[in-house]
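Try each task yourself before reading the solution below it.

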Amino acid sequence: MDLDEAVAEVAVRTPDWQAAGLRVGEVTWRHETAPWPQILQTDRSQVSDPDSVGVLISGPAEALLSVVLFRGGWADVDYLANVDDAGALPGAEIDSAAAFGIRIDEWVVRVFGVRAA
């Protein structure tokens, strides 16, 4: 999984999400061999061997979507749509940046009801 390409999938969608009233946080990178506790970086140039990238998307009424994509092809996806609708969403079997783009579209629709153009 090329994490740089996956981040490009987020970047291309960000203007549409922002136009729909969502806030997209900075992408964070985690270095594979950094000592514990691993510090997340927002500057890609500080991470020579990334093993994951993350993004936090927030929306109206304190709705949140947290996505951490691992280069091994899965994502940890947690959300809070409202007080009665929160939890984890399936994030297995993501074998390409394009597949990640499809999945993040699905997650954003699920949590916020917003589609990227």
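Two residues are in contact when heavy atoms of theirs lie within 4.5 Å. Keep in mind throughout that this is a predicted model.

**Exercise 1. A residue in strand β3**

Task: Find out which residues S58 touches, leaving aside those up to four places away in sequence, and decide whether S58 is buried or exposed.

Solution. Begin with the location: S58 belongs to strand β3, which covers residues 50-58. Next, apply the contact criterion. With residues up to four places away in sequence set aside, S58 touches L22, R23, A63, L64 and F112. Finally, turn to accessibility. Buried means under 20% relative accessible area. S58 has a relative accessible area of 14%, so S58 is buried.

**Exercise 2. A network of salt bridges**

Task: Start from R13 and work out which residues are linked with R13 in a network of salt bridges.

Solution. First place R13: this residue is in helix α1, residues 3-19. Then look along the helix. E9 and R13 are 4 residues apart in helix α1, so about one helical turn separates them. The two form a salt bridge whose closest N and O atoms are 2.7 Å apart. Their side chains are also joined by a polar contact of 2.7 Å.

Now look beyond the sequence neighbours. Not counting residues up to four places away, R13 touches G101, I102, I104, D105 and A116.

**Exercise 3. Salt bridges across the sequence**

Task: For the pairs R44 with D4 and D49 with R71, state which parts of the chain each pair ties together.

Solution. By the salt-bridge rule, the count comes to 8 salt bridges. Take R44 and D4 as the opening case: their side chains meet in a salt bridge of 2.9 Å, N to O. R44 sits in the loop between β2 and β3 and D4 in helix α1, so this pair ties together parts that are 40 residues apart in sequence. R44 is partly exposed at 28% relative accessible area, and D4 is partly exposed at 36%.

Move on to D49 and R71, whose side chains meet in a salt bridge of 2.7 Å, N to O. D49 lies in the loop between β2 and β3 and R71 in the loop between β4 and β5 (74-82), so here the parts tied together are 22 residues apart in sequence. D49 is partly exposed at 26%, and R71 is partly exposed at 32%.

**Exercise 4. Aromatic pairs**

Task: How many aromatic pairs are there, and what is the geometry of the pair F70 and W74 and of the pair F100 and W107?

Solution. The count comes to 2 aromatic pairs. F70 and W74 have ring centres 5.0 Å apart and planes at 15°, and the pair is stacked; planes under 30 degrees apart count as stacked. F70 is buried at 13% relative accessibility, whereas W74 is partly exposed at 40%.

In the pair F100 and W107, the centres are 6.3 Å apart and the planes are at 65°, giving an edge-to-face arrangement. The cut-off for that label is an angle over 60 degrees. Both F100 and W107 are buried.

**Exercise 5. Backbone geometry in the loops**

Task: Locate the cis peptide bond from W36 to P37, and say where A61 and E93, which have positive phi, are found.

Solution. The bond from W36 to P37 is cis, with omega near -5°. P37 is in the loop between β2 (28-31) and β3.

Then check phi. A61 is not a glycine, yet has a positive phi of about 55°. A61 is found in the loop between β3 and β4 (64-70) and is exposed, with a relative accessible area of 74%. E93, also not a glycine, has a positive phi of about 55°. E93 is in the loop between β6 (85-89) and α2 (97-112), and counts as exposed at 74% relative accessibility.

**Exercise 6. A nonpolar patch**

Task: Which residues make the nonpolar surface patch of about 220 Å²?

Solution. The patch is made by L56, L64 and L80. To place one of them, note that L56 lies in strand β3. With a relative accessible area of 44%, L56 is partly exposed.

Methods. Residues are numbered from 1 along each chain as its sequence is written. This is a predicted model: local features need pLDDT of at least 70, side-chain atom pairs count only at pLDDT 80 or more; totals for chains, interfaces and linings use all residues. Side-chain values use heavy atoms; hydrogens and water are left out. Patches are made of residues with over 30% relative accessible area and no salt bridge: like charges are joined within 9 Å, nonpolar side chains (Val, Leu, Ile, Met, Phe, Trp, Tyr) within 5 Å. Accessible areas come from the Shrake-Rupley method with a 1.4 Å probe; for residues, only the protein chains shown count as cover. A salt bridge is a side-chain nitrogen of Lys or Arg within 4 Å of a carboxyl oxygen of Asp or Glu. Helices (H or I, at least four residues) and strands (E, at least two) are DSSP runs, numbered from the N terminus. Buried means under 20% relative accessible area, exposed over 50%, partly exposed in between (1.4 Å probe, protein chains only). A polar contact is a pair of N or O atoms within 3.5 Å; within protein, one must be able to donate a hydrogen and the other to accept it, and residues adjacent in sequence count only if both atoms are side-chain atoms. Rings of Phe, Tyr and Trp (its six-membered ring) pair if their centres lie within 6.5 Å; planes under 30 degrees apart count as stacked, over 60 as edge-to-face and the rest as tilted.
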